[in-house]
Amino acid sequence: MTTLFTSDHEWLQIDGDTATIGITDFAQNQLGDVVFVELPKAGRSLKKAETAATVESVKAASDVYAPVSGEVIESNDALAADPSLVNSDPQGKAWFFKLKLSDKSELDGLMDEAAYKAQTE
């Protein structure tokens, strides 16, 4: 599996033609304590850069964008039930949704971990 990052602080874990998507540790640190997440429903088609989810914290509300185009195949019900997972395990248990990729070439513009870390330092 490959993990990639966006400049908007989303991460993607790629496994074949499926991408698991969430927000980075940097993003959750900026947001503060997360109190609510709104996730996309399975079957929804998303275009790259389209608003896919919303995260609300004690500080602010923020949109989560689809880093690539595809169809939502699963949302994280555990995260919807316990939004604080975003703070405790942002790049693990707090994944937001899974997409079946419609255009793998869209992955080409994303960053690897080293490039993302350089951007956030």
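Predicted model: local features only at pLDDT ≥ 70, side-chain atom pairs only at ≥ 80, totals over all residues.
A word on ground rules: residues are numbered from 1 along each chain as its sequence is written. Local features need pLDDT of at least 70, side-chain atom pairs count only at pLDDT 80 or more, totals for chains, interfaces and linings use all residues, and side-chain values use heavy atoms, with hydrogens and water left out.

Let's start with the sheet. Helices and strands here are DSSP runs numbered from the N terminus (helices are H or I, at least four residues; strands are E, at least two), and two strands pair if DSSP finds at least two bridges between them. What is the strand order in the open sheet of six strands? Reading across, we get β1-β2-β3-β9-β8-β5, with antiparallel pairing. β1 (2-5) and β5 (45-46) stand at the edges with a single partner strand each, so one side of each has no neighbour in the sheet. If you zoom in on β1, you'll find four bridges joining it to β2 (residues 10-15), antiparallel. Leu4, for instance, has Leu12 in β2 as its bridge partner.

Now for the charges. The structure holds four salt bridges, meaning a side-chain nitrogen of Lys or Arg within 4 Å of a carboxyl oxygen of Asp or Glu. One of them joins Lys100 and Asp17, at 2.6 Å from N to O. That pair links distant parts of the chain, 83 residues apart: Lys100 is in strand β9 (residues 97-101), and Asp17 is in the loop between β2 and β3 (18-23).

Another is Glu74 with Lys98, whose closest N and O atoms are 3.9 Å apart. Here too distant parts are linked, with Glu74 in strand β8 (residues 70-75) and Lys98 in strand β9, 24 residues apart.

For a local example, look at Glu113 and Lys117, which meet at 3.6 Å, N to O. Both lie in helix α4 (residues 113-120), four residues apart, about one turn of the helix.

Finally, the surface. Val35, Phe36 and Val58 make a nonpolar patch of about 280 Å². Patches take residues with over 30% relative accessible area and no salt bridge, joining like charges within 9 Å and nonpolar side chains (Val, Leu, Ile, Met, Phe, Trp, Tyr) within 5 Å. Accessible areas come from the Shrake-Rupley method with a 1.4 Å probe, and for residues only the protein chains shown count as cover. Where is Val58? Val58 sits in the loop between β6 (51-57) and β7 (61-65).
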